[in-house]
Amino acid sequence: MSVNSILLDFSLDPARIIDEVSRKDIVQVCKEGLEKYLADLKISYDMLTADGYLCILTEAGTGTVVTIRIFEQGLITINVEYYRKDGDEAKISFEQIRELENNLVQKLKLNHGQSLPPLQRGPLTRYFPTADERVIEYDIDRVLFDKRSEFQKIQIVHSRSLGNMLVLDELQNIAEADLIYTETLMCRGAENYAGKEICILGGGDGALLYELLKEGPKFVVMLEIDEIVMQACNKYMNSICGEVLEKRMDDNYEIIVGDCMVYLKKYIKEERKFDYVFGDLTDIPISDTPTGEIWDFIRLILESSFQVLKPDGKFMTHGNGVSCPESLRMYEDQLAKLTPKVKYTKSSAFVPSFMEEWVFYQVQREVASATESV
């Protein structure tokens, strides 16, 4: 079940809508065009607004509402909303929406017209934002898990093309089709993890730990704060995490449930060192300046991670989409301020469930300090 929203936009010369008669003529033509698909439309309300004219029409007996707005700047918008039960056919197909758009452009001699496929709004969320705040529609057909933990909203949904997907706070995190994400984060084939000691900050979906263990490390410790994320992924994302979230501990790994900063401070005090630290936490935020709580957290993670890294160790993390160059540049500016100085390389990959190119960072000290223990 869903509410379907049909959106059509048109542009015209503002000089054509300067009086009440011209506005009502436009509404009448739009109403006649809509009546080919929606029977018995009645004008329920209309009024002049500060920026033009508003008209609301209703379809008798169905609850369908049509809103027509005429903006004095030369824009006409038509919004059609109706409730659609599961299994019911659409009131207006996308082909018919395009037909309506073309008919109105011709009859009203408009400059431009554009229509979108019906937006389906309801309990089954199909739309998630990209890194640069565009909206992507997914072919989601069911929700497998939906619960709010102490820290975030957790969903696992099923996509017909991408498999099961983990969604945290309405942001897509990882899908069964996203092995390339994990392999690019760990630079598989370019880094040698055999016999190495590794710390993962976050990583609650278990995918990174699962793939790292295939490389023969000496030991991996994973610090994840949200128990419910791991429970959900263990049940519904088993293809990407194997049994690591079920066992939680083995000869070569341990999963610790808790705040990673608490354990980083503990490791710093103990002078425990790692060959690799993975920051599998928050993405680089989109902001005008590198200020605010998330940026403070990113700086704290960077500084703390290098205190537990061996002199030749590496900090590996995900960044953001290539469509966010300003945010990536701000992150690189933060790297340039670290003491001791660091150098970094970048890699990128198109992540299927993100539907965009994603950037990953590999950061290490420029020169290993002779005073630090290996």
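Biologist: How much space lies in the largest pocket, and what makes it a pocket instead of a cavity?

Modeller: About 1,400 Å³ of space lies in the largest pocket. Bear in mind that this is a predicted model. A cavity is a set of points that the probe cannot get out of, while a pocket is an open set, so the word "pocket" tells you this space is open.

Biologist: Which residues are the closest to the centre of the largest pocket, and what makes a residue count as lining?

Modeller: Leu171, Asn173, Leu281, Thr282 and Asp283 are the closest to its centre, out of 46 lining residues. A lining residue has an atom within 4 Å of a point of the pocket, so each of those 46 passes that test.

Biologist: Which element gives the most to that lining?

Modeller: β13, with four residues. Other elements that supply at least two residues each include β12 (163-168), α3 (179-185), α4 (207-213) and α9 (293-307). By class, the lining of the largest pocket divides into 23 nonpolar, 13 polar and 10 charged residues.

Biologist: And what about the second largest pocket, how is its lining split by class?

Modeller: The second largest pocket has a volume of about 250 Å³. Of its 13 lining residues, Met1, Ser2, Asp86, Gln120 and Leu124 are the closest to the centre. The lining of this second pocket has three nonpolar, four polar and six charged residues. Asp counts as charged, so Asp86 falls in that class.

Biologist: Moving to the strands, why are β16 and β20 called edge strands?

Modeller: The open sheet runs β16-β17-β15-β14-β18-β19-β21-β20, with mixed pairing. β16 (249-250) and β20 (342-351) each have a single partner strand, so one side of each is left without a neighbour in the sheet.

Biologist: How do you know that β14 and β18 are paired?

Modeller: Strand β14 (residues 197-202) and strand β18 (residues 274-280) share five bridges in the parallel sense. Pairing takes at least two bridges, so five is enough. Within that pair, Ile198 has Tyr276 as its bridge partner.

Biologist: Which helix touches β19, β20 and β21, and at what angle to β21 does it run?

Modeller: That's α10 (residues 325-336), whose direction makes about 5° with that of β21 (356-365). Helix α8 (residues 260-270) lies across β14, β15, β17 and β18, at about 135° to β15.

Biologist: What makes β3, β4 and β5 paired strands, and in which sense do they run?

Modeller: Strand β3 (residues 52-59) pairs with β4 (residues 65-71) in the antiparallel sense over seven bridges, and seven bridges also join β4 to β5 (residues 75-84), again antiparallel. In the first, Ile56 stands opposite Thr67; in the second, Phe71 is partnered by Leu75.

Biologist: Which turn residues have a positive phi in those hairpins?

Modeller: Gly61, at about 80°, sits in the turn of the β3-β4 hairpin, where five residues separate the strands. Gly74, at about 105°, is in the turn between β4 and β5, with three residues between them.

Biologist: Last one: what makes the link between the side chains of Ser347 and Gln362 a polar contact?

Modeller: Ser347 is found in strand β20, and its side chain lies 3.0 Å from that of Gln362. The cut-off is 3.5 Å between N or O atoms, so 3.0 Å is within it. Ser347 also touches other residues, among them Thr184, Cys187 and Trp358.

Technical notes. Residues numbered from 1 in each chain as written. Predicted model: local features only at pLDDT ≥ 70, side-chain atom pairs only at ≥ 80, totals over all residues. Heavy atoms only, no water. Contact = heavy atoms within 4.5 Å. Axes fitted to C-alpha atoms, helices over the stretch in contact; angles between N-to-C directions. 1 Å grid on protein atoms, 1.4 Å probe; cavity = no way out; pocket = protein on both sides within 12 Å on 5 of 7 lines; lining within 4 Å. Points joined across faces, edges and corners; volume = space filled by probe spheres on them. Polar contact = N/O pair within 3.5 Å; in protein donor to acceptor, adjacent residues only side chain to side chain. Lists of a residue's contacts leave out its neighbours within four places in sequence.
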